[in-house]
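Q: I would like to learn how to read a two-chain model, one feature at a time. Could we go through it together?

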Amino acid sequence: MNDPTTARSPADPIIRIDNLTKQFGRFAALRGVTATFAPARLYAILGDNGAGKTTLLRTIAGLATPTRGSVAILGQAISRDIRREFGYMAHPSLLYDEMSGMENLGYFARLYGVRDSARCAQVISVVGLDPAWQRPVGQYSQGMRQRMSLARALLHDPKILLLDEPFSNVDVRSAGEMVKLLVRMRDAGKTLLVVTHQASLLGGAADEFVWMQNGQITNRTADRSFMGIA
Amino acid sequence: MSAPTGITWATLAKDIRLEWRSKDAINSMLFFALLVVVVFSFSFDPNAEESRHIAGGLVWVAFLFAAVVALNQTWARELRNQVLDAYRVSPAPANALFLAKALGNFLFVAVLEALMTPLFIIFYKLRALGPAWQLIAIAVLGTWALVVNGTFFAAMSLRTRSREIMLPLLLFPISLPALLSMVEATTNILTGENSAKFWIVLLATYDVVFTTGCLALFETVLHAE
């Protein structure tokens, strides 16, 4: 496998988006978005409903094909090798309801070539759940499912995390724990793009706030006061 | 990274586990096939000779309709919680998923056939006059022909609004050559009037061509929006 990180300067953007447009029929969910995201930073992507945040994340993850423009991760277009470099957490859990957390993660681990079952138990513990639970994920609360979904995204220790609404339906204490976890990952050198409506949760943690409106990035700032969360 | 075969087996094991817990596909298929056997046996009252001539068509049409139930289920469970997206963002090859799904469907339909065939034999008083061992080859090749295309077209119709209707619309016309081969070969063996070899070779050729085609095109289907 080619290592996508070879011959890259640490200062190079880890994600580069160039004039990205995504249309669904006549509706443009993204309109010529151009942006770069630097390594080892935590970005909070904010905006009203329908602003294009989820579509932006899905397009970066390769789940939506750009109508125009391009996305490069580690300097390369989406490919099987590049998919190894990011973890994706969507609004739905992306988990099988009939299987336990360990069974789910055991299966997804195989997709990434992770053969160590201890790794599954480790990431489940990291998100604050118990790997010994035998009950199926379908019987989890919504918040627990969210955390298990985050565990799935972390499973293969990716360089980039694309997280769509990770705190929705999570209680305040658990959300706080998740934020601390995200900060630890950022400090460990990972890049995080977090789509959220709960800007206040990331107020003290995000390095930069990216504001989207009508399919465009209308503002990027590190100034918390601008976002009204200082 | 895991070898594609490892991912295929892991996905197959996961599908068997899910089916074992939910029994969605097997129960629906069994119920449907049982209905066909009972209803047809009451509708017609063939003697042993007549049975040999019609049983090939009856058996395979029943299995084809029953297989559609399983084929719809196999992808439906990947849509719940959008789990298929977890596969699409992973570095796992599309073909590994396709093969696992096709093998899983093969297994489920084979279980159905194993359970239903004795009932067909009893209800229709069947006894092969030709080489009965060839029926095993027809069952294996015929079942694969149904599930390989069925798995592919079920994936294609996944994102359509009326996928339960779309699947038979896409699958049945393209399965006609295979269905014809299965019916003719089975009838030839049951009646012992002609050799089934030509139809078995045709069925094998059909399997090779469509398996290759499905494997070549599945990545496009998987990543289509």
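A: What follows takes the chains, then a strand, a helix, the core and the interface.
This is a predicted model, in which local features need pLDDT of at least 70 and side-chain atom pairs count only at pLDDT 80 or more, while totals for chains, interfaces and linings use all residues. Residues are numbered from 1 along each chain as its sequence is written, with chains lettered from A and ligands numbered from 1 in the order in which they are written.

Q: How many helices and strands are there in chain A, and how many in chain B?
A: Helices (H or I, at least four residues) and strands (E, at least two) are DSSP runs, numbered from the N terminus. Chain A has six helices and nine strands, whereas chain B has eight helices and zero strands.

Q: What radius of gyration does chain A have, and what would a compact globule with 230 residues have?
A: The radius is taken over C-alpha atoms, and the globule rule is 2.2 Å times the number of residues to the power 0.38. For the 230 residues of chain A a compact globule would have a value near 17 Å, and chain A agrees, with 17 Å. Chain B, with 225 residues, has 18 Å, close to the 17 Å from the rule, so it is as compact as a globular protein of that length. The C-alpha trace spans about 45 × 45 × 40 Å along the principal axes in chain A and about 55 × 35 × 30 Å in chain B.

Q: Why is strand β6 of chain A described as largely enclosed?
A: A residue is buried if 20 or more other C-beta atoms, placed from the backbone, lie within 10 Å of its own, exposed if 12 or fewer, and partly exposed in between. In β6(A), residues 160-164, five of the five residues are buried, so the strand is largely enclosed by the rest of the structure.
In a regular strand the side chains alternate between the two faces of the sheet. Here both faces are covered, with Ile160(A), Leu162(A) and Asp164(A) buried on one side and Leu161(A) and Leu163(A) buried on the other.

Q: Which strands are joined to β6(A) by bridges?
A: Two strands pair if DSSP finds at least two bridges between them. Four bridges join β5(A), residues 86-89, to β6(A) in parallel, and Met89(A) stands opposite Leu163(A). Five bridges join β6(A) to β7(A), residues 191-195, also running parallel, with Thr191(A) as the partner of Ile160(A).
The chain passes from β6(A) through helix α6(A), residues 172-187, to β7(A) in a right-handed β-α-β crossover, a term that applies if, with the strands pointing away from the viewer, the path from the first strand over the helix to the second runs clockwise.

Q: Which residues have the most contacts inside the largest nonpolar core?
A: In soluble globular proteins, nonpolar side chains tend to be buried together. A nonpolar core is a set of buried Ala, Val, Leu, Ile, Met, Phe, Trp, Tyr and Cys residues joined through C-beta atoms within 7 Å. The largest one has 143 residues, and those with the most contacts inside it are Tyr43(A), Ile45(A), Leu162(A), Val194(A), Ala67(B) and Leu203(B). Its largest share, 14 residues, comes from helix α5(B), residues 94-123.

Q: How many residues of chain A are in contact with chain B?
A: Two residues are in contact if their C-beta atoms, placed from the backbone, lie within 7 Å. On that basis, 27 residues of chain A touch 23 residues of chain B. Helix α3(A) gives the most to this side of chain A, with four residues, and ten of the eleven residues of α3(A) are buried.
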